[in-house]
Amino acid sequence: MSDEEFLIEARSMKKYFPLRGGLLKKEFGAVRAVDDISFFIRQGETLGLVGESGCGKTTTGRCMLMLSPLTEGDIYYKMPGDVRKRMVELEEKEASLPQPKKRKKSKKVPKPEDPDMLELWEIRQKYALNRKDPETLRRLRREMQIVFQDPFSSLNPRMLVKDIIGEPLKVHGVLEGDQITERVKLLMERVGLNPDHLYRYPHEFSGGQRQRIGVARALSLNPNFIVLDEPTSALDVSVQAQILNMLNDLQNELGLTYLFISHDLSTIRHMCDRVNVMYLGKIVESGTKEHVFENPLHPYTTALISVIPVPDPELKRERVVLAGDVPSPANPPSGCRFHTRCRFRQEICEIEDPPLEDKGNGHLVACHFR
Ligand SMILES: Nc1ncnc2c1ncn2[C@@H]1O[C@H](COP(=O)(O)OP(=O)(O)OP(=O)(O)O)[C@@H](O)[C@H]1O
Ligand SMILES: [Mg+2]
């Protein structure tokens with residue numbers, strides 16, 4: 001796998017939100033929204049991210065686009081396969097070296113002296129989004145966009161549709177004046193909106209149409225990668241299918257790569273090539289759609305799948321009810337984070353956190369008993 005080329009890849013990504021309190025706003029803990037996850041997305045594919053509310057899906061999506069700075073880890077974009085292979089080799093060497101002392105955040109990390117570590121440092125500087133200077137990042141941002149969950153609150157109610165869709169073109173100085181209007185018209189047609197409605201406000205559109213506006217806006221700069229954060233969960237079921245089909249058509253036409261976030265497994269199944277299942281800031285299972293839906297291995301995945309409605313009433317499936325709520329990510333359970341709700345738990349689960357391991361053909365699972 002290491003020689004493969006990925007469009008975008010997160011390595012050991014962490015995102016903690018500090019918890020502060022008292023008069024001096026002292027930090028007394030942190031919400032570990034994303035806690036050391038690694039995954040990749042290939043050019044042109046759709047990777048699904050599924051899990052209950054609060055497990056860190058949106059935070060993951062935002063971090064991938066550098067809309068929120070990482071606490072630790074790196075996000076690599078367009079790294080050639082041979083460079084990645086070399087990086088993995090060098091990372092193994094790095095792990096075997098004595099760990100440097102922790103520095104204060106404000107202190108700049110000096111360039112390493114060891115030639116191999118210098119090479120690793122240079123690869124990271126060159127390909128990690130989180131190490132780019134602001135100007136380079138701004139240019140790269142054009143290639144990466146996001147469509148938000150709620151088309152009712154994500155569109156500025158005081159802006160005309162023409163300006164909402166055209167704003168990224170203006171901000172990035174790609175086009176001017178009439179050229180922007182022409183491009184906006186084309187984009188509106190592309191997402192199935194009437195281009196004569198340029199001078200309307202968001203409230204004059206239905207939920208589905210508003211989400212089409214959100215998609216047109218995301219497409220305005222010809223992106224390569226789009227994070228779709230629950231793009232249809234605020235919409236009626238009949239409208240959902242239309243939007244999902246449109247997203248599929250756009251992907252085929254434009255060769256787009258998607259990170260598709262949803263808490264709804266049926267939608268994930270419809271849209272995705274591969275799936276990551278998240279629980280409390282960690283990936284607990286990852287694999288192709290077939291791996292995850294036809295041979296789910298993690299007890300959490302099994303429970304999520306068991307509650308998907310089955311269209312055939314003759315077909316009986318055991319429903320696994322997940323007891324209790326998701327624990328707080330500010331104070332996650334010890335060992336395997338899922339153990340407090342797992343019906344197969346044993347002593348070891350409370351003590352040791354199981355690593356995400358390959359069970360064959362890239363089907364990864366983090367469970368002591370699988
Ligand atoms: N800006 C923030 N400051 C503090 N905590 C945050 C912030 N953003 C998210 N969190 C916390 O991080 C955790 C993960 O949140 P996130 O929004 O990523 O979850 P999610 O999986 O997208 O949930 P949902 O399905 O409800 O959208 C939650 O506990 C949330 O309260
Ligand atoms: Mg979310």
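**Exercise 1. Find which residues of helix 5 meet helix 7, and how the two helices lie.**

Step 1: Val161, Ile164, Ile165 and Pro168 in helix 5 meet Ile213, Ala216 and Arg217 in helix 7. Here, two residues are in contact if their C-beta atoms, placed from the backbone, lie within 7 Å. Helices (H or I, at least four residues) and strands (E, at least two) are DSSP runs, numbered from the N terminus.

Step 2: Sort that contact by class: six nonpolar, no polar and one charged residues. Ala, Val, Leu, Ile, Met, Phe, Trp, Tyr, Cys and Pro count as nonpolar, Asp, Glu, Lys and Arg as charged, and the others, Gly among them, as polar.

Step 3: Helix 5 (residues 161-171) and helix 7 (residues 207-219) pack at about 30 degrees, their axes 7 Å apart. That makes helix 5 roughly parallel to helix 7. Angles under 35 degrees count as roughly parallel, over 145 as roughly antiparallel, 65 to 115 as roughly perpendicular and the rest as oblique. Axes are lines fitted to C-alpha atoms, for helices over the stretch in contact, and angles run from 0 to 180 degrees between N-to-C directions.

A note before going on: this is a predicted model, in which local features need pLDDT of at least 70, side-chain atom pairs count only at pLDDT 80 or more, and totals for chains, interfaces and linings use all residues. Residues are numbered from 1 along each chain as its sequence is written, while chains are lettered from A and ligands numbered from 1 in the order in which they are written.

**Exercise 2. Describe how helix 2 packs with helix 3.**

Step 1: Helix 2 (residues 81-96) and helix 3 (residues 115-127) pack at an angle of about 130 degrees, with axes 10 Å apart. The two are therefore oblique to each other.

Step 2: On the helix 2 side, Val83, Met87, Leu90, Glu91, Lys93 and Glu94 take part, and they meet Asp116, Met117, Glu119, Leu120 and Ile123 in helix 3. By class, this contact has six nonpolar, no polar and five charged residues.

**Exercise 3. Work out the strand order of the three-stranded sheet.**

Step 1: The open sheet has the order 2-1-4, with antiparallel pairing. Two strands pair if DSSP finds at least two bridges between them.

Step 2: Strand 2 (26-41) and strand 4 (72-79) stand at the edges, each with a single partner strand, so one side of each is left without a neighbour in the sheet.

Step 3: Strand 1 (residues 6-21) pairs with strand 2 over 12 bridges, and six bridges join strand 1 to strand 4.

Step 4: Look at some partners. Phe17 stands opposite Val31 in strand 2, Glu9 stands opposite Phe40 in strand 2, and Phe6 has Met79 in strand 4 as its bridge partner.

Step 5: In the hairpin of strand 1 and strand 2, four residues lie between the strands, and Gly22 takes a positive phi near 80 degrees.

**Exercise 4. Say which residues come nearest to ligand 1.**

Step 1: Of the 13 residues around ligand 1, Phe17, Ala33, Ser53, Thr58 and Thr59 come nearest. A residue is near a molecule or strand if its C-beta atom, placed from the backbone, lies within 6 Å of it.

Step 2: The largest share of this shell, three residues, comes from helix 1. Strand 2 and helix 1 (57-64) each supply at least two residues.

Step 3: The shell around ligand 1 divides into five nonpolar, seven polar and one charged.
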